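Subject: Structure for your review

Dear colleague,

Please find below the structure that I am handing over to you. My notes on what was found in it follow directly after.

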Amino acid sequence: MGIPYSYSFRNLWTRRLTTVLTASGMALVVFVFAATLMLTEGLQKTLVQTGSSDNVVLLRKSSNSEVQSAVERDQASLLESQPEIAVGADGEPLLAKELVVLINLKKRVGDKPSNVIIRGIDAASLKLRPAVRLKEGRMPRPGSAEVVAGESVSRRFKGCGLGETLRFGMRDWRVVGVFDAGSTGFSSEIWGDRDQMMQAFRRPVYSSIIFRLRDTTAFDAYKARVEGDPRLTVEAKRETQYYLDQSEAMAKFLRILGLVLTVIFSIGAVIGATITMYAAVANRVTEIGTLRALGFPRKSILAAFIIEALLLGLCGGILGVCAASFMQLITISTMNWASFSELAFSFTLNFSIIWKSLLFSVVMGFVGGALPALRASRMNIVEALRAT
Amino acid sequence: MAEVSEPIVRIRNLSKAYRRGTQVIPVLTGINFDIARGEFVALMGPSGSGKSTLLNLIAGIDSADQGSIQIGDVEITRLGESELARWRAGSVGFIFQFYNLIPVLTAYENVELPLLLTHLSRRERHEHVEAVLNVVGLADRMDHYPSQLSGGQQQRVAIARAIVTDPEILVADEPTGDLDRVSAEEILLLMDRLVHEFGKTVIMVTHDPRAAEKAHLIRHLEKGELSVT
């Protein structure tokens with residue numbers, strides 16, 4: 001058995017102020033680290049949750065998003081007659097031919113304009129997105145200039161509240177409902193009758209076709225057949241994959257940004273931890289000499305100071321994660337670079353992020369404490385005892 | 001006085017010098033010295049005479065340049081660092097001038113420290129700690145931290161820590177140097193008791209003639225050489 005853990009813990013507790021100050025520095029780094037991961041997780045969760053793995057999105061080949069895509073009507077007719085498409089309780093195929101257009105709206109706060117997705121839906125669209133629930137008002141009547149707005153859009157953009165009127169496509173559109181789409185990208189969209197919107201925007205083609213697979217395992221065979229059909233110029237993606245691809249560019253950017261910030265900050269925090277641990281060693285030279293005289297080997301001294309540094313790191317980690325957890329209360333909106341539209345999402349904390357953040361903090365503690373601990377373990381006993 | 005038997009400490013031709021840059025400063029020169037089992041020896045001498053160095057060498061926390069030290073059956077001058085650490089843990093008890101208790105540990109935990117290097121169970125360790133704290137009369141203060149104890153009490157806790165593993169020898173470096181007269185007397189009486197009642201061999205470095213009076217034998221060191229009183 002080595003030096004008891006209580007020795008390391010109580011030494012940290014004894015110099016509480018130094019411990020708290022050093023741990024706070026580390027907490028700041030862990031906060032940045034965790035917040036970046038939470039941001040990336042929130043973005044990916046929002047976009048991935050938007051899709052369903054049973055659903056397939058058909059886009060024109062080489063289109064990165066629905067906004068860039070165009071599916072000709074004759075191709076749509078061919079595609080809606082495929083046998084893999086599931087049929088609803090009403091006997092109708094669970095397939096929606098949708099129009100996706102970007103419009104520019106002003107935000108309620110700051111008056112700053114931003115892109116918002118307008119989605120022209122048909123009868124099956126809602127059945128394909130069970131997460132979407134009408135929260136207030138009603139759904140638009142087919143053939144009318146009415147729209148429903150996602151809760152996030154309704155809250156943040158002018159003219160998108162229930163009963164308000166929007167002007168786009170050279171027409172006025174009345175907002176007759178607000179829908180809740182949970183934490184999905186649909187919350188940042190405005191939906192209306194597809195045919196009305198195709199006329200308003202002078203669009204002769206659909207943007208995308210979404211359908212539910214009768215048998216989810218049939219996707220690969222379906223994809224191979226459709227993409228190999230010379231009459232068709234579409235590519236098929238599972239809806240989850242489509243939205244995951246959309247989030248990838250921004251998630252990558254956030255990860256790199258977070259990593260750069262974290263690395264720069266962590267150098268400071270590690271130096272702070274090193275100074276603290278060197279001070280701890282310098283203040284306890286006689287103790288170290290005494291422990292060595294009593295028969296504790298060098299590795300026990302090394303372990304005691306490493307444990308102290310790890311505990312210091314862990315304190316910083318816990319503080320940082322606690323602070324970062326409050327970020328969950330914040331919803332931010334930013335440009336989705338794949339669709340060039342505004343997307344609202346929240347910081348999302350999960351066990352993986354907590355675990356990674358605490359591990360990161362402990363690693364910082366280890367790096368900061370290694371040299372001082374090594375110094376403590378290599379002290380000459382007689383010289384250490386003379387330091388009394 | 002306890003019955004003096006065969007030597008427990010045999011020192012032969014022991015030399016030690018310190019180096020400061022290129023300068024070599026001899027501290028001990030050709031020391032030959034035996035200490036019998038159960039003896040209470042005081043090492044005296046002026047500052048820089050080498051008495052603490054001799055004590056450190058006997059305790060196995062410093063290494064000699066030349067010569068040998070045999071404690072019981074073990075020639076400690078031949079031991080490597082980790083063997084020496086193991087030997088110290090079981091065979092030597094340390095009593096320091098400034099007690100050298102670990103401030104963040106209670107009296108009980110300080111005394112228990114050397115036992116953490118043994119294979120004793122928690123219950124056995126508890127029994128040993130309680131027993132030695134009873135010997136030094138501080139069983140009722142076992143949950144106190146060093147800062148909550150007087151100097152004399154702290155030194156008694158240090159003595160309990162020194163004897164908890166039942167070592168063959170106790171080395172004490174100015175054990176009364178930081179104490180008032182009354183506390184110093186108590187500590188000397190306790191050390192005397194350890195020799196007479198428990199048969200310990202005590203080697204003490206001191207400047208205090210009153211402390212030295214308690215010893216069976218006083219050895220003077222002068223410029224690295226021994227003389228007997």
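In this predicted model, chain B and chain A bury about 2,200 Å² between them, 65% of it on carbon and sulfur atoms. Buried area is the accessible area (1.4 Å probe) that two parts lose on being put together, summed over both. In chain B, the residues that lose the most area to chain A are Val104(B), Leu116(B) and Leu117(B), together 25% of what that side buries. In terms of contact (heavy atoms within 4.5 Å), 25 residues of chain B meet 24 residues of chain A.

Three salt bridges are found across this interface; the rule asks for a side-chain nitrogen of Lys or Arg within 4 Å of a carboxyl oxygen of Asp or Glu. Arg298(A) forms a salt bridge with Glu81(B), with the closest N and O atoms 2.6 Å apart. Helix α2 (residues 81–91) of chain B gives the largest share of the side of chain B that touches chain A, four residues. Helices (H or I, at least four residues) and strands (E, at least two) are DSSP runs, numbered from the N terminus.

Over all chains, the whole structure holds 35 salt bridges. Within chain A, Glu66(A) forms a salt bridge with Arg119(A), the closest N and O atoms being 2.8 Å apart. This pair links distant parts of the chain, 53 residues apart: Glu66(A) lies in the loop between β1 (55–60) and α3 (73–79), and Arg119(A) in strand β3 (residues 113–121).

Residues are numbered from 1 along each chain as its sequence is written, and chains are lettered from A and ligands numbered from 1 in the order in which they are written. Local features need pLDDT of at least 70, side-chain atom pairs count only at pLDDT 80 or more, totals for chains, interfaces and linings use all residues, and side-chain values use heavy atoms, with hydrogens and water left out.
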